[in-house]
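Please read the following points with the model open beside you. They take up the pockets first, then a surface patch, and then the charged pairs.

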Amino acid sequence: VYDLYTKAVPDREIVHAHANAIAPDEVAQFALDEEHLPAKVHRLLLELLELGDNLSALGDVVGLRHKECAQLVGFSRAEVAANGWLHYPALCSLAQVAPLAMTQLAFLARCKSLNELIQRVPQDYLTQVLTAAGCTDKELKNFGGRLKRIQALFVLVDGLRRNGDSVASFAGSAEAFDWRAQNDAMAALFVNYDLRQADAHDLGGEWRRRLEELGFDTAQLNDGYGQALDFVFDRVVNSLAA
């Protein structure tokens with residue numbers, strides 16, 4: 001914008017900039033204090049890094065071969081500190097502008113991309129940690145995928161926390177807690193997974209009901225899916241934070 005007023009730029013650039021200008025009355029319709037998508041994606045990244053660090057530490061406690069955060073979630077703190085998102089195109093794609101009037105298809109595609117970031121955690125590593133907690137191979141064989149295992153780990157660690165025990169008591173904790181139980185703190189991860197499924201398979205209105213269970217007013221979808229994307233992002237980040 002500064003160059004447009006101070007330098008001799010080609011006319012076509014001035015015309016292009018003018019075509020993208022927003023009038024003051026249009027600006028007044030937006031809540032400028034709302035968090036934008038790049039900020040949400042960065043919060044997501046920070047929670048994924050925290051998850052990776054915690055999973056790494058938990059593996060160390062139970063004597064597994066050490067895994068770095070980057071091996072567990074696909075992101076490195078050192079890389080982010082040095083180059084930001086430059087070498088993580090998946091984050092850049094996820095953080096692209098999403099208009100409030102975005103289509104259902106675009107919304108579901110973005111939820112699918114969000115789910116793919118979480119699904120980077122190696123399932124075999126999660127299985128090894130749960131085995132160390134006392135879960136048997138037979139119990140885990142048909143238990144479910146990564147999200148079910150992440151939820152089970154949360155149930156066990158949260159149970160220890162509630163009892164005032166440290167993570168040093170994690171080994172064998174499967175006998176003390178119902179690690180198969182669902183937990184509301186993890187619900188958003190499963191709803192987002194269902195939204196990913198809706199992109200690949202027509203689930204009718206089921207996924208809308210799941211959004212309502214999380215607390216989203218689906219009547220807002222009549223104006224587009226941008227608010228729904230904000231809602232899903234925030235809830236998924238909260239689950240990862242837990």
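How do the residues of the lining of the largest pocket divide into nonpolar, polar and charged? They divide into 12 nonpolar, five polar and three charged, where Ala, Val, Leu, Ile, Met, Phe, Trp, Tyr, Cys and Pro count as nonpolar, Asp, Glu, Lys and Arg as charged, and the others, Gly among them, as polar.

1. This is a predicted model, in which local features need pLDDT of at least 70 and side-chain atom pairs count only at pLDDT 80 or more, while totals for chains, interfaces and linings use all residues. Residues are numbered from 1 along each chain as its sequence is written, and side-chain values use heavy atoms, with hydrogens and water left out.

2. The largest pocket has a volume of about 540 Å³, a pocket being an open set of points on a 1 Å grid, where a 1.4 Å probe fits, with protein on both sides within 12 Å along at least five of seven lines, and lining residues having an atom within 4 Å of a point. Of the 20 residues that line the largest pocket, Phe30, Glu34, His36, Ala98 and Leu100 are the closest to its centre. Helix H14 (226-241) and helix H4 (37-61) each supply at least two lining residues, helices being DSSP runs (H or I) of at least four residues, numbered from the N terminus.

3. The second largest pocket holds about 450 Å³ of space, and its lining of 20 residues has Leu51, Asn54, Phe154, Val157 and Ala242 closest to the centre. The largest share of this lining, seven residues, comes from H4.

4. Ile22, Val27, Phe30, Leu32 and Leu100 make a nonpolar surface patch of about 500 Å², a patch here joining nonpolar side chains within 5 Å, from residues with over 30% relative accessible area and no salt bridge. Leucine 32 counts as exposed because its relative accessibility is 70% (buried is under 20%, exposed over 50%, partly exposed in between, with a 1.4 Å probe and protein chains only).

5. The structure holds 14 salt bridges, each a side-chain nitrogen of Lys or Arg within 4 Å of a carboxyl oxygen of Asp or Glu. Glutamate 35 and lysine 40 meet in one at 3.1 Å, N to O; lysine 40 counts as buried at 5% relative accessibility, whereas glutamate 35 is partly exposed at 31%. Glu35 and Lys40 also belong to a salt-bridge network with Arg43 and Asp234.

6. Arginine 77 pairs with aspartate 53 in a salt bridge whose closest N and O atoms are 2.8 Å apart. Arginine 77 lies in helix H6 (residues 77-83) and aspartate 53 in helix H4, so the pair ties together parts 24 residues apart in sequence.

Conventions:
Points joined across faces, edges and corners; volume = space filled by probe spheres on them. Patch = residues over 30% accessible without salt bridge, like charges linked within 9 Å, V, L, I, M, F, W, Y side chains within 5 Å. Areas by Shrake-Rupley, 256 points an atom, 1.4 Å probe, with all protein chains shown as cover.
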